[in-house]
Amino acid sequence: MTAKLLQTLPADLDRQRLPRHVAVIMDGNGRWAKRQGLPRVIGHRQGVDALKDLLRCCKDWGIESLTAYAFSTENWGRPAEEVDFLMVLFERMLRQELEQMHLEGVKIRFVGDLDPLPKSLQAEMHRSMVETADNRAIQFTVAINYGGRHEIVKVSRQLADMVRHNQLNPEEITEKLFADHLYTAGVRDPDLLIRTSGEMRLSNFLLWQIAYTEIYFTDILWPEFNRVEFHRALMAYQERDRRFGKI
Ligand code: IPE
Ligand code: IPE
Ligand code: MG
């Protein structure tokens, strides 16, 4: 089967049992580029195309929410040229793609500590969130300068501060209240998390939210992830028995 043939939901997938929210750790851009003898950043450029098609595919196949890990709090540790390239790429892509995404009914949202990002990028992110806020075709969440531990500490601090100001009793801190203060408040937990490139770790992604998420690892490098690979991941997902601790 070629990726081109998969414009609509493949017949062997059960529409009723699709994940409603898919999250992806888009890993392997650098290795993909290196394999072609190209600089790492070319892999990031190529990775954007893979993400664009996955977003469209989710929409075409009736998946209501997609979350993508674009930059972790640890990724600042990379060489400055690579970090700078990524920041410019995010901004350029957003400028270039916003109109089309809006037309297609994408509601975009960014999660992470956005303050340290370049101001011009922050402005673009803000504009895109405002502009697409009422769209309903698909919810697209991009994690930039995101770290699961950072997020949990941030919420803890916020709640502690409310307790200190007598706005909250410690007994009122529940899982629900905690979740309502996360960046992802209002977005359901992912049903399926996909990580490419063969690494079997979470790298600080959505630590709270993936408590009961099904995880799928593939050796495919992110720039080569396409509808055929996504179909494979969904087939594997539909084989899973989600027990949530029950029998
Ligand atoms: C993932 O690809 C993209 C980001 C982390 C921004 P990598 O850049 O981590 O690619 P590899 O893992 O080095 O191949
Ligand atoms: C995870 O990939 C972060 C993103 C995909 C944005 P990394 O390449 O940074 O993760 P590690 O370093 O292999 O754990
Ligand atoms: Mg990597």
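In the predicted model described here, an oxygen atom of ligand 1 lies 2.9 Å from a polar backbone atom of G30, a polar contact being a pair of N or O atoms within 3.5 Å; within protein, one atom must be able to donate a hydrogen and the other to accept it, and residues adjacent in sequence count only if both atoms are side-chain atoms. From the side chain of D27, a polar atom is placed 2.8 Å from an oxygen atom of the ligand. On its own, ligand 1 has 380 Å² of accessible area, of which the protein covers 87%; accessible areas come from the Shrake-Rupley method with a 1.4 Å probe, and for residues only the protein chains shown count as cover.

Residues are numbered from 1 along each chain as its sequence is written, while chains are lettered from A and ligands numbered from 1 in the order in which they are written. Because the model is predicted, local features need pLDDT of at least 70 and side-chain atom pairs count only at pLDDT 80 or more, whereas totals for chains, interfaces and linings use all residues; side-chain values use heavy atoms, with hydrogens and water left out.

Around ligand 1 there are 13 residues, and D27, G30, R31, R40 and R78 come nearest; a residue is near a molecule or strand if one of its heavy atoms lies within 4 Å of it. Two or more residues of this shell are given by each of helix 1 (29-35), helix 2 (40-61) and helix 3 (80-103). Helix 1 supplies the largest share, three residues. Helices (H or I, at least four residues) and strands (E, at least two) are DSSP runs, numbered from the N terminus.

The shell of ligand 2 consists of I25, M26, D27, Y69, A70, F71, N75, R78, R195, R201 and S203. Strand 2 (residues 65-72) contributes the most to it, with three residues. Oxygen atoms of ligand 2 lie 2.6 Å from an N or O atom in the side chain of S203, 2.9 Å from a polar side-chain atom of N75 and 3.2 Å from an N or O atom in the side chain of R78. The protein buries 78% of the 390 Å² that ligand 2 exposes when taken alone.

Strand 5 (residues 192-195) directs L192 and I194 one way and L193 and R195 the other, and all are buried, that is, under 20% relative accessible area, with exposed meaning over 50% and partly exposed in between (1.4 Å probe, protein chains only). In a regular strand the side chains alternate between the two faces of the sheet. Strand 1 (residues 21-25) runs parallel to strand 5 and is joined to it by four bridges, where pairing requires at least two bridges found by DSSP. In this pair, A23 stands opposite L193. Four bridges likewise join strand 5 to strand 6 (residues 214-217), again in parallel, and I194 stands opposite Y216.

Two further residues were examined. K107, in strand 3 (residues 106-111), is partly exposed, with a relative accessible area of 24%. Between K107 and E64 there are 10 Å in space, C-alpha to C-alpha, although they are 43 residues apart in sequence. E229 belongs to helix 7 (residues 227-239) and counts as buried at 10% relative accessibility. The side chains of E229 and R232 are joined by a polar contact of 3.0 Å.
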